[in-house]
Amino acid sequence: MEGKKKKQEWRFSVANREALIGCGLAIFNFIWWYGFAYGLGSKPPEEYTYVMGFPAWIFYSLIFGTLVMFVVVILVVKFFLKDISLEDDDEDTKEDEVMKG
Amino acid sequence: MNWAVVTPLLIFLVVIFIIGMWSSRRLSEADGFLSDYFLGSREFGGLLLAMTMVATYGSASSFLGGPGAAYTIGFGWVLLAMTQLATGYFVLLILGKKFAIVARRYNAVTLIDFLKERYKSKTVVLLSAFSIIVFMFAAMAAQWVGGAYLIQSLTGISYIGSLFIFTISVLVYVTVGGFRAVVVTDAVQGVIMVVGTLVLLAAVIIAGGGLSNIFADLVAINPNLITPFGHDGSLTAAYVSSYWILVGVGVVALPQIAVRAMSYRNSTAMHRAIIIGTIVTGTIMLGMHLIGVFSRPVLPGVEVADQVIPLVALEVLPPWLAGVILSAPLAAIMSTVDSLLLLVSSSVVKDVYINYMKPKATDQQIKNVSMGVTGVIGIVAFILAISPPELLIYLNLFAFGGLESAFMWPLIMGLYWKYANKTGAIASMITGIGSYIAIHYYNQAYGDLFGVHTVTVPVFLSLIVFVVFSLIFKEEAYEFPTKNINKGA
């Protein structure tokens, strides 16, 4: 029983850590999106500089920003998320059933 | 009628029906009707999971209302729309593996099952079922209107006729196939949406004479269109940022999305779904809204915002291709409606009928009631959609905000805070829904409170109320059961 409890807490703490990673990603996403949009876009449109055909704020905040998020999400999934079982221990359940029978 | 456009659409509908039939054969073979009809037996892999989340979320407003607004308002609305990028990763990471593990132990099939077992309170269940039924109707009516508009602009049939065709297709499909049919076709529809978006974007840019031409034309029409502040300079940074709550992080609390976060097979499926979901959401949202703005110089003078996309597709593409591409918004609308319909009927059948009216119903009775309720709800939505409100995006967003105000904290705190209890949950739901409706009417009359979207204040209020009431009426710290609740007994 004691061992099982520890195992459960271990899986939940992985899940909790990943939820915090999700918050981190959203904060990063927000800062990038907000910073470039209002940092570069707040001047009058005549003074806009253009990057690859787009006004700079549109390019950096919307287009490049979206691509950056794609890459960051892929890296986070590959390197930070843990593969854990979502089922409870199968062998335990079988044992329970055998004992009941 | 323009047969070159209509034929690909008809082919699309037929294919979707065949998939529905095939899925329903699987349904009769599966052992638990309830869990399969409403949840597909928790066996979806990464691609299906990602696509079903995107397709459920990407609705009439992402394909018709949203780009239509971008057409009128300009890049300020594209900026606002990109707050939705977060939904691709945020929902699955926040609810995450903990929700999946706990839902399995609880044998939960819907969001309400989870809340019921976590808080063990009849009031919580009934409040939840009530808010789902009320707000989902608002959301569904919006989709019904969008679907009918789309069929109307393609075929030239009257609005009522189009609405009728749409209702029949959706109803046959959902009542027969259940959740599995919905998810499998979501995947097909998701692929169509991505490809359709990219093709249409390229065609619009070419028709507009390239990016530099388009931007020069936009500046000539109104320089404000290319600023973040909207065509009349009225979009403030605070207002746009508040959409991070409404359509970004708040999406976690939408029941139709949350139920998908318990339907996947294993953690590999979830990891893949995060990547695919983010890329697909980002591509569709950015692409469709860019198309909306770029259409302004290509096709000036469109009066009804919701018709921008169908009209521009017919303008810039050969007819047959326009037919194929426009099956993307139809796909989006159908897949959203399917899920909403299923969700409302699951609240009525599972959460009210089985819980409180007939706990010992047989499988056959449950099956009949499920299909009957689904049918009745569809017909009521049809009647509501007969005289449609002007802009369907606002109706849809109203429903979003209401559901988020109700479910956000009972779900998240229930999962991550052991002192969360039923008093807190009930108080938080009442505060959320009540203040949301009150502020909605206040904002309509006097302009936005604090300059932010209606949902912002209720979300913070309901959090405070949740914590305060949970602490005042403090209960013992909650421990999740260590194994399946049925096997433990």
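**Exercise 1.** How many Å should helix H19 of chain B span at 1.5 Å a residue, and how far apart are its end C-alpha atoms?

*Solution.* The model is predicted; local features need pLDDT of at least 70, side-chain atom pairs count only at pLDDT 80 or more, and totals for chains, interfaces and linings use all residues. Residues are numbered from 1 along each chain as its sequence is written, with chains lettered from A and ligands numbered from 1 in the order in which they are written.

Step 1: helices are DSSP runs of H or I with at least four residues, strands are E runs of at least two, and both are numbered from the N terminus. H19(B) covers residues 456-472, which is 17 residues.
Step 2: the expected span is 1.5 Å times one less than the number of residues, so H19(B) should span 24 Å.
Step 3: the end C-alpha atoms are 25 Å apart, which agrees.

**Exercise 2.** Describe how H8(B) packs against H18(B).

*Solution.* Step 1: the axes (lines fitted to C-alpha atoms over the stretch in contact, with angles from 0 to 180 degrees between N-to-C directions) of H8(B), residues 122-155, and H18(B), residues 422-446, come within 10 Å and cross at roughly 25°.
Step 2: the pair is therefore roughly parallel, the term for angles under 35 degrees.
Step 3: contact requires C-beta atoms, placed from the backbone, within 7 Å. Thr123(B), Val124(B), Leu127(B) and Ser131(B) of H8(B) meet residues of H18(B), among them Lys422(B) and Met429(B).

**Exercise 3.** How many residues does each chain give to the contact of chains A and B?

*Solution.* Step 1: chain A gives 43 residues and chain B gives 43 residues.
Step 2: on the side of chain A that touches chain B, H1(A) gives the most, with 21 residues.

Note on methods. Contact = placed C-beta atoms within 7 Å. Parallel < 35°, antiparallel > 145°, perpendicular 65-115°, else oblique.
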